[in-house]
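Reader: Hi! Could you walk me through this protein?

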Amino acid sequence: VNAGGIGRLAPNELNRIKNVIAVMSGKGGVGKSTVTGLLAVSLQREGHKVGILDADITGPSIPRIFGIKKRPEDMGFGLIPPETSSGIRIMSLNLLLNNEDEPVIWRGPLIAGAIRQFWTDVVWGDLDYLLVDLPPGTSDAPLTVLQSLPLNGLIIVSSPQDLVVMVVNKAIKMAEMMNIPILGLVENYAYMICPKCGEKIDVFGESRGKKAAEDANIPYLASLPIDHKLSELCDKGEIEKYQSDNVKDMASWVKINVHM
Ligand code: ADP
């Protein structure tokens with residue numbers, strides 16, 4: 001839809017990708033990959049065609065949470081990404097490594113080159129949504145990825161212990177530079193539900209994300225609980241089995257500003 005802007009790469013000509021949405025965080029471990037995965041599941045359940053471009057080279061957990069081990073198929077004219085059990089197409093550097101436990105110690109330009117190839121040399125085919133799991137943080141690494149892809153929107157994931165105001169401000173600067181809208185902020189690990197009585201427990205006190213989003217005038221998309229069922233399924237590579245009203249709501253995040 002908006003591919004081909006200045007400095008941005010042309011996609012593989014076999015690809016018809018309607019929306020490219022990136023997911024970022026201020027640091028690692030806040031649940032960025034998990035939220036990216038759940039958003040993909042939500043959109044897939046609504047009947048959309050979805051792909052995930054795993055650009056988080058530091059800890060590529062996307063193949064792990066979907067239980068994908070298959071290598072992409074090299075067809076000569078491009079790489080065919082493997083599909084999850086529900087049909088989400090996935091491309092990750094992890095799928096190209098011989099041993100997935102090997103740490104990826106690559107320099108910036110090499111990483112940028114690999115991500116560019118995920119756009120130019122991967123046969124995504126027809127997609128309604130391509131979700132990009134960015135490297136954590138607000139440094140050069142996520143910025144390079146943002147710059148090389150024709151994005152329609154950016155989602156920020158934070159945790160209650162994050163310096164959320166700083167993360168939001170940096171994200172806003174990045175989004176302005178790229179001229180893309182921020183779709184909103186998601187706060188992960190925001191609370192717990194007591195397994196005995198069902199009471200909501202604010203483990204980390206009152207949410208700071210909501211106020212940060214309001215102050216920055218960006219949507220507060222969701223506050224997600226700590227849920228051991230979710231982490232268990234992620235560990236088993238079965239994130240697609242996760243059932244929750246939160247997941248149902250996620251598809252609406254990307255429809256707020258994005259026209260299909
Ligand atoms: P990031 O991509 O930000 O580094 P991950 O998405 O890989 O973080 O999440 C880190 C770990 O926390 C994973 O093991 C994941 O299963 C777990 N996790 C993430 N969100 C939740 C949640 N809401 N409830 C329980 N566990 C979670």
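This is a predicted model: local features need pLDDT of at least 70, side-chain atom pairs count only at pLDDT 80 or more; totals for chains, interfaces and linings use all residues.

Reader: Let's look at H1. Where is it, and what is its reach?
Author: H1 covers residues 32-45, 14 residues in total, and reaches 20 Å from its first C-alpha to its last. That is close to the 20 Å expected at 1.5 Å a residue, where the expected span is 1.5 Å times one less than the number of residues.

Reader: Is H1 enclosed or open?
Author: H1 is largely enclosed by the rest of the structure, because 13 of its 14 residues are buried. Just after H1, Gly-47 has a positive phi of about 95°.

Reader: New topic: pockets! How is empty space found?
Author: Rolling a probe the size of a water molecule over the atoms shows where empty space is left. On a 1 Å grid over the protein atoms alone, a cavity is a set of points where a 1.4 Å probe fits but cannot get out, while a pocket is an open set with protein on both sides within 12 Å along at least five of seven lines; lining residues have an atom within 4 Å of a point. Grid points are joined across faces, edges and corners, and a volume is the space filled by probe spheres set on the points.

Reader: So what is the volume of the largest pocket, and which residues lie nearest its centre?
Author: The largest pocket holds about 370 Å³ of space. Its lining has 25 residues, with Gly-29, Val-30, Gly-31, Thr-34 and Tyr-189 nearest the centre.

Reader: Which element gives the most to that lining?
Author: H7 gives the most to the lining of the largest pocket, with four residues. H1, H2, E8 and H7 each supply at least two.

Reader: And what about the second largest pocket?
Author: The second largest pocket has a volume of about 250 Å³. E8 and H7 are the elements that give two or more residues to its lining.

Reader: What lines the largest cavity?
Author: Among the residues lining the largest cavity are Thr-34, Leu-38, Asn-188 and Met-250. The largest cavity has a volume of about 80 Å³.

Reader: Last one: where is Ser-86?
Author: Ser-86 is in the loop between E4 and E5. Ser-86 is partly exposed, with a relative accessible area of 35%.

Reader: What is Ser-86 in contact with?
Author: Leaving aside neighbours within four places in sequence, Ser-86 is in contact with Gln-44 and Glu-240; contact means heavy atoms within 4.5 Å.

How values were computed. Residues are numbered from 1 along each chain as its sequence is written. Side-chain values use heavy atoms; hydrogens and water are left out. Buried means under 20% relative accessible area, exposed over 50%, partly exposed in between (1.4 Å probe, protein chains only).
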